[in-house]
Amino acid sequence: MTQYDTLDDAREAGVAPWDQLVQELSDFHVSVFEDRYPVTQGHLLFVPTHNTLAVINDAFESALLHGERMVELGECDGYNIGLNSGTAAGQTVMYPHVHLIPRRSGDCADPVGGVRGVIPEQANYKAAGYTQPA
């Protein structure tokens, strides 16, 4: 995987396809975009402007704060936050970005396990079929 130092570098290389900027949520360290293929209404991407651990942490913090604000305003009932790192983890855009996925009661049949659903049969550890990984 090629490393890009900045979001501008990734855009110039054609690997940062984000174009739906949410200006009011963006700042010097983090650009926020609407996801082109949202999982739920309000699905946002928090993209660090520089590919450093500190700025990636800023992106996580921004996503967390916005998720809490959405819950407080009644825009959603909860949220998931995640980052895919590497093709084995499902990353398709090879520049770091944090997903904020607002959740609403009843948006799926069984939300137990939340982000654990990246491996669907392992998500609900309370249900039959869950097995300890080898």
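**View 1. His99 sits in strand S4, which covers residues 98–103.** Strands here are DSSP runs (E, at least two residues), numbered from the N terminus. This is a predicted model, in which local features need pLDDT of at least 70 and side-chain atom pairs count only at pLDDT 80 or more, while totals for chains, interfaces and linings use all residues. Residues are numbered from 1 along each chain as its sequence is written, and side-chain values use heavy atoms, leaving out hydrogens and water.

View 2. Setting aside residues up to four places away in sequence, His99 touches Asp35, His43, Leu44, Leu45, Asn80, Ile81, Gly82 and Asn84; contact means heavy atoms within 4.5 Å. With one of these, His43, the side chain of His99 makes a polar contact of 2.8 Å (N or O atoms within 3.5 Å, one able to donate a hydrogen and the other to accept it; residues adjacent in sequence count only if both atoms are side-chain atoms).

**View 3. Four strands make an open, antiparallel sheet in the order S1-S2-S4-S3.** Strands S1 (30–34) and S3 (78–82) are at the edges with a single partner strand each, so one side of each has no neighbour in the sheet. Strands count as paired if DSSP finds at least two bridges between them.

**View 4. S3 and S4 run antiparallel, joined over five bridges.** Look for Gly82, which stands opposite His99 in S4.
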